[in-house]
Amino acid sequence: MTKEKFILEFDLKSTPITLLWSYLTTANGLKEWFADNVTMSGKSVNFIWNGVTQEAHIIAQRTQKYIRYHWVDDTERTYFELKISVSEMTDNVLLTVTDFAEPDELDESKELWIYQIDNLRRLLGC
């Protein structure tokens, strides 16, 4: 079954972009809100949840703009991307999440991202 792409956008108010970037791209930042533990070596990233490790590679990145990860064990050309932008209307910082999920897991995947980003918002104070 082919995975479906989905996009979620989150308003992070006036969060400093440099601070947000550190939470999206560093092992210390990611383990604060995304996984139980994270290790990085070059473009290889190990995310650990409940003792289970999933490896991803950073396949694209533009400093303080976006980072794109690909799960090593995923044979499809999928990824998850975290993109930072600024709203032209409000000047608020926006975080756009792009990910892929099986059609029968789409709602669950979206809910997980909403939960994860809520954790990030609490850390950022927004």
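I began with Arg-68 and looked up its contacts (heavy atoms within 4.5 Å). Leaving aside neighbours within four places in sequence, I found Arg-68 in contact with His-57, Ile-58, Ile-59, Ala-60, Tyr-79, Phe-80 and Glu-81. I then placed Arg-68 in strand β5.

Before going on, I noted what I was looking at. This is a predicted model, where local features need pLDDT of at least 70 and side-chain atom pairs count only at pLDDT 80 or more, while totals for chains, interfaces and linings use all residues. Residues are numbered from 1 along each chain as its sequence is written, and side-chain values use heavy atoms, with hydrogens and water left out.

**Arg-68, continued**

Is Arg-68 buried, exposed or partly exposed? I used these cut-offs: buried is under 20% relative accessible area, exposed is over 50%, and partly exposed is in between (1.4 Å probe, protein chains only). Arg-68 has a relative accessible area of 24%, so I logged it as partly exposed. I also took one distance: the C-alpha atoms of Arg-68 and Lys-110 are separated by 17 Å. Along the chain these two are 42 residues apart.

**The whole chain**

Next I listed the secondary structure. Helices (H or I, at least four residues) and strands (E, at least two) are DSSP runs, numbered from the N terminus. I have three helices and seven strands for the chain. Their order from the N terminus is β-α-α-β-β-β-β-β-β-α. The radius of gyration is 14 Å, close to the 14 Å that the globule rule gives for 126 residues, so the chain is as compact as a globular protein of that length. For the record, that radius is taken over C-alpha atoms, and the rule is 2.2 Å times the number of residues to the power 0.38.

Along the principal axes, the C-alpha atoms fill roughly 40 × 30 × 25 Å. Of the 126 residues, 43% count as buried. I then looked at contacts between residues at least 6 apart in sequence, and 48% of them join residues at least 24 apart.

Charges came next. Lys and Arg count as positive, Asp and Glu as negative; His and the chain ends are not counted. I have 13 positive and 20 negative side chains. The centres of the two sets lie 8 Å apart. Each charge is placed at NZ of Lys, CZ of Arg, CG of Asp or CD of Glu.

**The loop between β1 and α1**

I looked up two residues here. Thr-15 is in the loop between β1 (4-11) and α1 (17-25). Its relative accessibility is 6%, so Thr-15 counts as buried. Which backbone oxygen lies 2.6 Å from a polar atom of the Thr-15 side chain? I found that of Leu-12. Beyond neighbours within four places in sequence, Thr-15 is in contact with Leu-20, Val-93, Leu-124 and Cys-126.

Lys-13 is in the loop between β1 and α1 as well. At 43% relative accessible area, Lys-13 is partly exposed. Leaving aside neighbours within four places, I listed Asn-92, Val-93 and Cys-126 as its contacts. Lys-13 and Val-86 are 73 residues apart along the chain, and their C-alpha atoms are separated by 9.5 Å.

**Two positive phi values**

Asn-50 is not a glycine, yet I read a positive phi of about 50° there. Asn-50 is found in the loop between β3 (44-49) and β4 (52-62). With 71% relative accessibility, Asn-50 counts as exposed.

Gln-64 is not a glycine either, and its phi is positive at about 60°. I placed Gln-64 in the loop between β4 and β5 (66-71). Gln-64 counts as partly exposed at 32% relative accessibility.

**The start of the chain**

I finished with Met-1, in the segment before β1. Met-1 is exposed, with a relative accessible area of 73%. What does Met-1 touch, not counting residues up to four places away in sequence? I found Glu-76, Glu-102 and Pro-103. From Met-1 to Val-52 I noted 24 Å, C-alpha to C-alpha, across 51 residues in sequence.

Methods:
A polar contact is a pair of N or O atoms within 3.5 Å; within protein, one must be able to donate a hydrogen and the other to accept it, and residues adjacent in sequence count only if both atoms are side-chain atoms.
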